[in-house]
Amino acid sequence: MLAWLSACSGNGQGLDQGGRPLTSGGTAGGVLTADFDSIQHNVFTPICTTCHAGSNAPQGLHLDAANSYSQLVGVPSAEVSALLRVKPGDPANSYIVQKLEGHAAVGAQMPFGGPPLPAATIAVIRQWISDGALRSPVASGIGTRFAALSVVPAAGDFLEAPPARIVIAFSQELDQTQIDATSVHLEATQSDGRGSVDVLPATAFVPIGNPRTLIVEPAAALSAGRHYRVVVGGVTRSTLSSIGGDRLLSSGNDNDGTTLLTEFDVAAAP
Amino acid sequence: MKRRWAALTLLALAGAGLMVPLAAFAEPYLAVQNGYKCVACHVNPTGGGLRNDFGVIFSENVLPVRTLPANFPTWSGKLTSFLRAGLDARASWTRTQVPHNPTQEQRQLEQLRLYADIALIPERLGIYLDEKIAPGKSQELEGYVRLNDASHGWYLKGGKFYLPFGFRLQDQTAFVRQLSGISMITPDTGVELGFERANWSAQLDYSNDIGNASAEARHQITGQLVWVQTAYRLGAAASATSTTDGNRRLGGVFAGLRTGPVAWLGELDLARDDGFADGARTMLAALGELNWALHRGQNLKLTAEIQDPDRAVPEDQFTRWSVVYEITPLPFVQLRAGFRRYRGIPQNDAENRQAMFVELHGYL
């Protein structure tokens with residue numbers, strides 16, 4: 001039986017760590033580092049997609065390269081909806097970390113049926129989240145222009161439910177002394193973008209331990225069936241600056257002195 | 001004498017609490033060894049969980065190496081004329097070696113579950129509950145209403161329950177359970193129409209899709225048919241899921257055979273899933289298991305498994321073999337020790353691990 005089984009296991013020739021052909025987009029993985037691509041190729045693809053892929057993915061979470069970022073970062077957990085699967089800047093309150101470390105309130109420790117990930121691997125995932133859970137690695141420090149690298153919800157997103165917060169990751173550390181109530185505006189219009197613009201009260205803050213991330217939390221729950229914009233500047237002409245003194249670069253969407261960070265829609269209530 | 005038995009029982013149950021109670025999952029090899037259908041021992045017609053009157057008697061008098069003394073209080077499972085209850089506690093110690101990684105040891109309480117069956121109308125209408133109370137916060141795994149006809153030949157249940165598909169193995173990490181996604185930790189919400197008569201057992205389910213974590217309505221249809229004879233059984237199961245992520249079709253055949261003291265189990269499952277980003281995949285998983293009743297209350301289990309995650313990709317299969325020794329020294333207490341060896345593609349360390357484990361299982 002053992003001989004039969006040994007003969008049955010694949011030799012892996014021409015495959016990546018996840019068992020996918022190298023010629024169809026697979027990669028060899030490389031050393032694990034605290035960036036999304038490395039974590040995808042060294043952890044999510046070879047270990048997690050054994051179950052978290054296809055139409056039967058547990059909790060609707062797909063961790064293949066095509067889906068994992070958009071289904072992890074800033075997305076509420078299916079098991080504990082009060083927690084985000086990945087909360088940029090806050091690994092302790094990211095559900096993925098709780099599941100990997102085995103102290104989540106619900107369900108089994110991940111990977112299910114296998115040994116826990118080594119502490120060093122979880123530490124790398126924690127570091128990636130602390131660094132803002134960016135999609136792409138960022139060269140930190142001098143020489144990197146100060147710009148928003150990723151925003152959740154992303155521009156153009158159509159959400160089934162209103163987000164509790166907007167998370168913006170920047171390429172450099174923010175100058176927190178320049179952030180006040182006028183720095184960032186959360187605006188709402190009708191779902192077609194027409195009508196009057198309501199500026200909604202919201203708080204913008206930099207989370208402890210992650211100086212490259214800005215979190216915008218509305219003072220009240222956002223309404224369904226509206227179009228939302230998050231902008232910097234406006235009437236006050238204020239902007240965001242890095243600790244190096246660089247002002248926020250425009251993404252090309254300036255309109256009357258504002259810099260658009262993201263705009264998204266929330267579906268109407270059923 | 002009575003005090004000694006009481007002390008032994010308390011010691012074993014305390015040990016189960018200190019280590020990790022391992023869930024009261026089903027053990028289909030017992031059914032094959034004895035020529036029983038699942039419903040012979042379990043309240044749930046498709047097996048697993050709370051035991052019925054005969055299941056409790058079987059657990060108390062047939063399974064263990066030693067039965068309790070005649071004057072020792074017995075457990076019937078009935079708290080009142082309309083309420084039956086049970087529990088399942090499992091704890092484990094596991095030592096895992098993954099190539100190129102440090103060896104890991106884990107002690108954990110795998111689960112503590114409570115079961116209840118409330119007879120609203122005796123023998124006709126009841127409510128079944130399966131609640132995990134540890135570790136972590138309380139979680140309802142099953143909760144359904146069951147309606148039987150007078151002869152218990154037909155039943156209808158509605159609510160949250162485990163879908164029927166293949167053998168309800170004790171090991172939820174078995175490849176066939178992982179490929180199908182249907183196991184005793186993945187309940188679904190829906191309705192089940194069941195048929196239990198003579199040598200036949202059949203179920204037809206309409207549910208919301210096990211993997212559906214969204215508010216979106218999805219559809220999963222599952223069916224199973226089993227023919228049970230004294231010395232063997234044959235079964236077939238199928239399931240179809242329609243989702244916006246893609247569609248999934250699942251088929252499986254399974255069989256059990258008793259040859260003297262050995263119960264053989266075999267299952268082959270095939271899945272076609274078009275929900276992958278890089279296109280549809282056809283996947284296969286198979287299990288072969290030998291259960292050798294060494295002595296009363298003792299079982300040696302040898303299992304061989306293979307999974308092919310994509311039939312179109314050569315040399316990507318992984319395998320697992322296991323040796324597990326199980327002993328039930330006293331009623332409602334089981335010890336299990338085993339070794340599992342995984343073999344997969346050499347570039348994936350996790351697929352080439354090996355693990356030793358000891359489990360302590362207490363149940364009522």
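**Backbone, sheets and contact**

Reply: His100(B) is placed in the loop between β1 (83–97) and β2 of chain B; helices (H or I, at least four residues) and strands (E, at least two) are DSSP runs, numbered from the N terminus. This is a predicted model, in which local features need pLDDT of at least 70, side-chain atom pairs count only at pLDDT 80 or more, and totals for chains, interfaces and linings use all residues. Residues are numbered from 1 along each chain as its sequence is written, while chains are lettered from A and ligands numbered from 1 in the order in which they are written.

Me: What is the phi of His100(B), and is His100(B) buried or exposed?

Reply: A residue is buried if 20 or more other C-beta atoms, placed from the backbone, lie within 10 Å of its own, exposed if 12 or fewer, and partly exposed in between. His100(B) has a positive phi of about 65° although it is not a glycine. His100(B) is exposed, because 7 other C-beta atoms lie within 10 Å.

Me: Which loop holds Phe332(B), and is Phe332(B) buried or exposed?

Reply: Phe332(B) lies in the loop between β14 and β15 (333–343) of chain B. Its phi is near 75°, again a positive value in a residue other than glycine. Phe332(B) is buried, since 24 other C-beta atoms lie within 10 Å.

Me: Which residues does a cis peptide bond join in chain A, and which in chain B?

Reply: In chain A, a cis peptide bond joins Met110(A) and Pro111(A), with omega about 0°. Pro111(A) is in the loop between α4 (95–101) and α5 (119–130) of chain A. In chain B, a cis peptide bond joins Ala134(B) and Pro135(B), with omega about -5°. Pro135(B) belongs to the loop between β3 (125–134) and β4 (139–148) of chain B.

Me: Which residues of helix α3 of chain B are buried?

Reply: An α-helix has 3.6 residues a turn, so residues three or four places apart point the same way. In α3 (residues 53–61) of chain B, the buried residues are Gly55(B), Val56(B) and Ser59(B). They cover an arc (that of the directions from the helix axis to the C-beta atoms) of only 100° around the axis, which puts them on the same side of α3(B).

Me: In what order do the 4 strands of the open sheet in chain A stand?

Reply: Strands of a sheet pair through backbone hydrogen bonds, either parallel or antiparallel. Here two strands pair if DSSP finds at least two bridges between them. The 4 strands have the order β1-β3-β7-β6 (chain A), with antiparallel pairing. β1 (148–152) and β6 (202–205) of chain A are at the edges with a single partner strand each, so one side of each has no neighbour in the sheet. Strand β3 (residues 166–170) of chain A pairs with β1(A) in the antiparallel sense over 4 bridges; Ile168(A) in β3(A) is the bridge partner of Val151(A).

Me: What is the order of the open sheet of 5 strands?

Reply: Its order is β2-β9-β8-β4-β5 (chain A), and the pairing is mixed. The edge strands β2 (158–159) and β5 (198–200) of chain A each pair on one side only. Strands β4 (residues 184–190) and β8 (residues 226–233) of chain A run antiparallel and are joined by 7 bridges. In β8(A), Val231(A) is the bridge partner of His185(A).

Me: How many residues does each chain give to the contact?

Reply: Two residues are in contact if their C-beta atoms, placed from the backbone, lie within 7 Å. The contact takes 46 residues from chain B and 38 residues from chain A.
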